[in-house]
Every structure is written in structure tokens, then in C-alpha cells.
Amino acid sequence: MKLVIESLPILLKGTLVTIQLTLAGLALGLVIAIPVSFFQVYGARVPRLFCSIYEKTFRSIPLLVLLMLIFYGLPEVGVRLDPFFACVLGLGLRSSAYQSQIFRGAILSVGKGQTVAALSIGMTRFQTFRYIVFPQALRFSIAPWTNELTVVLKDSSMAYALGVVELLRQGSYIIARTYEPMVIFLLCAGIYLALTVFANRILTFVENKLRIPGFETREVSH
């Protein structure tokens, strides 16, 4: 019990870094994923092909390999990144590939009749996307995006490999001093669990608040 009490403040410092990595990675992924999903659905052949290659590439590369390529590869071309920002970039690029598919599916789930109606009254494709499709797609994407948040939160532990002092590395420092790996790893697991449950509860609350009763009801043909 004494070890737990002494370790918690140290682990919580690492937890703050883990949260920062998660939020920054998700935010970067979101900024990239929205235009990628737009071009995959509405783009011409060349931009659609480029976005498809981008999405498949970053979904195929393991996160740890991607982090190593960014941190150790970019200096070869004269770009040096702080380990924290290298991890944010890696998490963001990988997450953007997955988020683009979340938003692509959400966009396609919006009834085509609404798009046709918007175009028929003179709206451009971009205006249709911005004012008609995207607000609905955002609402549809909350549930799968919650899963992506959970994945990025857990993947942030990979920052350990680049020396970022997040939750897992703080735990390793304590283990090196106390030789109590089981207790510390259980504490780390408990913190990850608490963060995941808390984040899921928040997004479930948001999803319920934004749900429109009867909006998703489909007509049944007899």
C-alpha cells in the first residue's frame, strides 16, 4: 500500500503527458482526416487516388515503425523533431488514416436525396458538404470515433520507445528503483482503464445529447 501511495503522484505526472499525446494526436488526425474523407467521396480521380494511397499507407505501417521513421528518418533530410512532437506526428498521421474511413462511412450514410436536393437549388459540392452532409456525418461518427480515441490513448504508450516520459516510462523508472513490476504495471493498467472508461462516458453523453429522436428512422416498404 505504501508503494501505491508513493507511486501514484509520479504516475499521474506521466498520465498528463499521455493525455496530451492522445489529444494532440487525435486533433492532428482530425484535421487531416476531414479533407481526406471529403476527397475520397467527392474528389476527382487524381485526388481520390492520392487520398486512397495515403489512407492505405498509414493504416498499413505499424505505429512503432512509423515513430522510428519519423524520429530517426527525418534528420536524414535535415528535419529534427523533439521526441514528444515526433510522437504526436506519428499518432496523428496513423489516426488520420483511420479517422478518414470513419468520416467516409459517416458521409456515405447521409441520404443521397439530401445531396441531390442541395445541388438542385444551386449549392456547390463544397457547400453541400459543409452545410448539409458534414454536420450529420459528425453526429453519425461519434460512436466509431470513440473507439479511435481509445486506440490512440493506448497507442500513446509507444512514445516510451522515443524516451517521452509518459505513463509507462514513469512506471519503468519506479520499477527500476523498487523492483516491484507487478504492482506498478497493475497501477498503469488501472489508470489506462480509468481514462478509457471516462473518455467513453463523455462521448456517449455527447452522442446522446446530439441524437435527434426519430431522425434515423427508415421507411419500411410493405
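**Pockets and a serine**

Modeller: This is a predicted model. Its largest pocket has a lining made of L30, F103, P135, L138, R139, S141, I142, W145, L203, V206 and L210.

Colleague: How much space lies in the largest pocket?

Modeller: The space there comes to about 180 Å³.

Colleague: And which helix gives the most to that lining?

Modeller: That is α6, with six residues. Both α6 (125–155) and α8 (181–210) supply at least two residues each.

Colleague: What is the make-up of the lining of the largest pocket by class?

Modeller: It has nine nonpolar residues, one polar and one charged.

Colleague: Now the second largest pocket: what is its volume?

Modeller: Its volume is about 150 Å³. The elements that give two or more residues to its lining are α1 (2–42), α4, α5 (112–120) and α6.

Colleague: Which residues line the second largest pocket?

Modeller: They are V41, Y42, I107, L108, V110, G111, K112, T115, R125 and V133. By class, six are nonpolar, two polar and two charged.

Colleague: Changing topic, where is S96 found?

Modeller: S96 belongs to helix α4, which covers residues 83–109.

Colleague: Is S96 buried or exposed?

Modeller: S96 counts as buried because its relative accessible area is 0%, under the 20% limit.

Colleague: What does the side chain of S96 reach at 2.6 Å?

Modeller: It reaches the backbone oxygen of L93 at that distance. A polar contact of 2.6 Å also joins the side chains of S96 and Y54.

Colleague: Leaving out residues up to four places away in sequence, which residues does S96 touch?

Modeller: S96 touches G29, I32, A33 and Y54.

Notes:
Residues are numbered from 1 along each chain as its sequence is written. This is a predicted model: local features need pLDDT of at least 70, side-chain atom pairs count only at pLDDT 80 or more; totals for chains, interfaces and linings use all residues. Side-chain values use heavy atoms; hydrogens and water are left out. Helices (H or I, at least four residues) and strands (E, at least two) are DSSP runs, numbered from the N terminus. Buried means under 20% relative accessible area, exposed over 50%, partly exposed in between (1.4 Å probe, protein chains only). A polar contact is a pair of N or O atoms within 3.5 Å; within protein, one must be able to donate a hydrogen and the other to accept it, and residues adjacent in sequence count only if both atoms are side-chain atoms. Contact means heavy atoms within 4.5 Å. On a 1 Å grid over the protein atoms alone, a cavity is a set of points where a 1.4 Å probe fits but cannot get out, and a pocket is an open set with protein on both sides within 12 Å along at least five of seven lines; lining residues have an atom within 4 Å of a point. Grid points are joined across faces, edges and corners, and a volume is the space filled by probe spheres set on the points. Ala, Val, Leu, Ile, Met, Phe, Trp, Tyr, Cys and Pro count as nonpolar, Asp, Glu, Lys and Arg as charged, and the others, Gly among them, as polar.
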